[in-house]
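Please look over the model below before reading on. The text after it is a guided walk through selected parts of the fold.

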Amino acid sequence: MLKTRLIPCLDVADGRVVKGVNFVNLRDAGDPVEAARAYDAAGADELCFLDIHATHENRGTMYDLVSRTAEACYIPLAVGGGVRSPEDVRALLLAGADKVSFNSAAVADPDVVARSADRFGSQCIIVAIDARTVAPGRWEIFTHGGRRATGIDAVAFARTVAARGAGEILLTSMDRDGTKAGYNIPLVRAVVDAVDIPVIASGGVGTLDHLVEGVTLGGAAAVLAASIFHFGTFTIGEAKQHMARAGIPMRL
Amino acid sequence: MSTVIVDYGAGNLHSARKAFERMAAEAGRAGSVRVSARPEDVARADRLVLPGDGAFPACRDALLSVPGLLPAIVEAVTRRAVPFMGICIGMQLLASRGLEHRETAGLGWIPGEVVRIAPSDPRLKVPHMGWNDLVIDRPHPVLAGIATGAHAYFVHSFHFRLADPAHRLAHVDYGGEITAIVGRDNLVGVQFHPEKSQATGLRIIAGFLAWRP
């Protein structure tokens, strides 16, 4: 039986982990490679790096980081932030990423998803959707870190990119991100029901029950969290045990 | 002694190379793994690994596009009988034919066809992506130390439907049975990514490197 994935996400800027990672005796809490290695050892099912200050000038730093992480970890690595073209996808895959995530560029031009999926396969193309509630049961895509409204309906856009060949959707609720109030379950449910590809729930995890709800209520194939793991509130093992006790198939 | 990972431009070989290098070093054969698309390297290899990401026809076309590469692989596998491991699409290419996008001939070394996954439960998504637990169908030297219940990382939308169940070494359940590991003579193939499957994957790589069919 396929297991539900638990994915810690690391925000990275200029090759360093933003805010640090506070657990398991890391020699250097700001080194993404060390954090990745620790999460691998702790039983994370996959890792996500998000380059939050992606610019042309610092791409080399990210490629180097991805390359060193791929050498240290034997679990899948997804990388996002500043990905604009099939050439960016190729560079990250060659550096050692297993999956690459589009965000604003896919909103501006959904065909970039098709061009990339045709060339590299859907299995490595994620589309990250940042959505904000605009009315009950209606969510709009926001880009540029949630600051810029697009007028695009998040559920309709999910269908669009799935049809263009995206292999997975990373769905972040901008209403919930950073609040620790739990995933935006109606949003997760709406997108899961709209597409045939896996959906990763993101944004708002504060407790282990939130992870459970993302799966049991939202229907997500994978759950992503950042701060509850980085700050040592819970370990990966505790989270997976908790989800398994709630009846969710997990890789323990 | 050299293991050649065939680099025919179909996917990311970084992780595979690191995993094979690590297990070769642990077996006392550091430096024996090469990534190459040169037919002369394949001709000298005593083990071959054929990876592959993407679509079946694209991988097959890429394999055929390197002059002399496929004949060198065929010679190594069928005449010299070197141990061969296919990974993901590299495993699917062992089939008689693939039906992704269009009908495409495979290498035909393990009879069967590669068809789209159609889970009996419509709530199950395709691609089949993530960690699934292996059910071992028959013992094999490459699977030494791997028991039913071990998890491996899968990401694929098509699967290998074997003509002869005797060629199935392991499967997983995903709204029906999905072929996970195939084997015949000096050939094995894994649908999952051993280089992304932590200890289970590394152990299978070690089993392959130690295998003397």
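Predicted model: local features only at pLDDT ≥ 70, side-chain atom pairs only at ≥ 80, totals over all residues.

Residues are numbered from 1 along each chain as its sequence is written, chains are lettered from A and ligands numbered from 1 in the order in which they are written, and side-chain values use heavy atoms, with hydrogens and water left out.

Helices (H or I, at least four residues) and strands (E, at least two) are DSSP runs, numbered from the N terminus. Axes are lines fitted to C-alpha atoms, for helices over the stretch in contact, and angles run from 0 to 180 degrees between N-to-C directions. In chain A, helix 1 (residues 32-42) and helix 2 (residues 59-72) pack with their axes 9 Å apart, at an angle of about 30 degrees. Helix 1 of chain A and helix 2 of chain A are therefore roughly parallel to each other; angles under 35 degrees count as roughly parallel, over 145 as roughly antiparallel, 65 to 115 as roughly perpendicular and the rest as oblique. Helix 1 of chain A crosses helix 2 of chain A in a right-handed sense (a crossing is right-handed if the near helix is turned clockwise from the far one by less than a right angle, and left-handed if anticlockwise). Helix 1 of chain A contributes A:Pro32, A:Val33, A:Ala36, A:Arg37 and A:Asp40 to the contact, and helix 2 of chain A contributes A:Leu65, A:Arg68, A:Thr69 and A:Ala72; contact means heavy atoms within 4.5 Å. By class, the contact of helix 1 of chain A with helix 2 of chain A has 5 nonpolar, 1 polar and 3 charged residues. Here Ala, Val, Leu, Ile, Met, Phe, Trp, Tyr, Cys and Pro count as nonpolar, Asp, Glu, Lys and Arg as charged, and the others, Gly among them, as polar.

On the helix 3 side of chain A the contact residues are A:Pro86, A:Glu87, A:Val89, A:Arg90 and A:Leu93, which meet A:Val112, A:Arg115, A:Ser116, A:Arg119 and A:Phe120 of helix 5 of chain A. The contact of helix 3 of chain A with helix 5 of chain A has 5 nonpolar, 1 polar and 4 charged residues.

Chain B holds an open sheet of 8 strands in the order 2-1-3-4-14-13-12-9, with mixed pairing. Two strands pair if DSSP finds at least two bridges between them. Strand 2 (33-36) and strand 9 (135-136) of chain B are the edge strands, each pairing on one side only. Strand 12 (residues 168-173) and strand 13 of chain B run antiparallel and are joined by 5 bridges; B:Val172 has B:Ile178 in strand 13 of chain B as its bridge partner. Helix 1 (residues 14-26) of chain B lies across strand 1 (3-6), strand 2, strand 3 (47-50) and strand 4 (84-87) of chain B, at about 160 degrees to strand 2 of chain B. Helix 4 (residues 69-79) of chain B also packs on the sheet, touching strand 1, strand 3, strand 4 and strand 14 of chain B, and its direction makes about 130 degrees with that of strand 3 of chain B.

B:Arg168 belongs to strand 12 of chain B. B:Arg168 is buried at 19% relative accessibility; buried means under 20% relative accessible area, exposed over 50%, and partly exposed in between (1.4 Å probe, protein chains only). Among the residues that B:Arg168 touches are B:Asp137, B:Glu177 and B:Thr179.

Strand 8 (residues 128-133) of chain B has 5 of its 6 residues buried, so it is largely enclosed by the rest of the structure. Strand 8 of chain B is joined by 6 bridges to the antiparallel strand 10 (residues 151-156) of chain B.

The loops of chain B remain. B:Val126 and B:Pro127 are joined by a cis peptide bond, with omega about 10 degrees, and B:Pro127 lies in the loop between strand 7 (112-116) and strand 8 of chain B. B:His101 has a positive phi of about 65 degrees and counts as exposed at 70% relative accessibility.

Definitions and conventions. Lists of a residue's contacts leave out its neighbours within four places in sequence.
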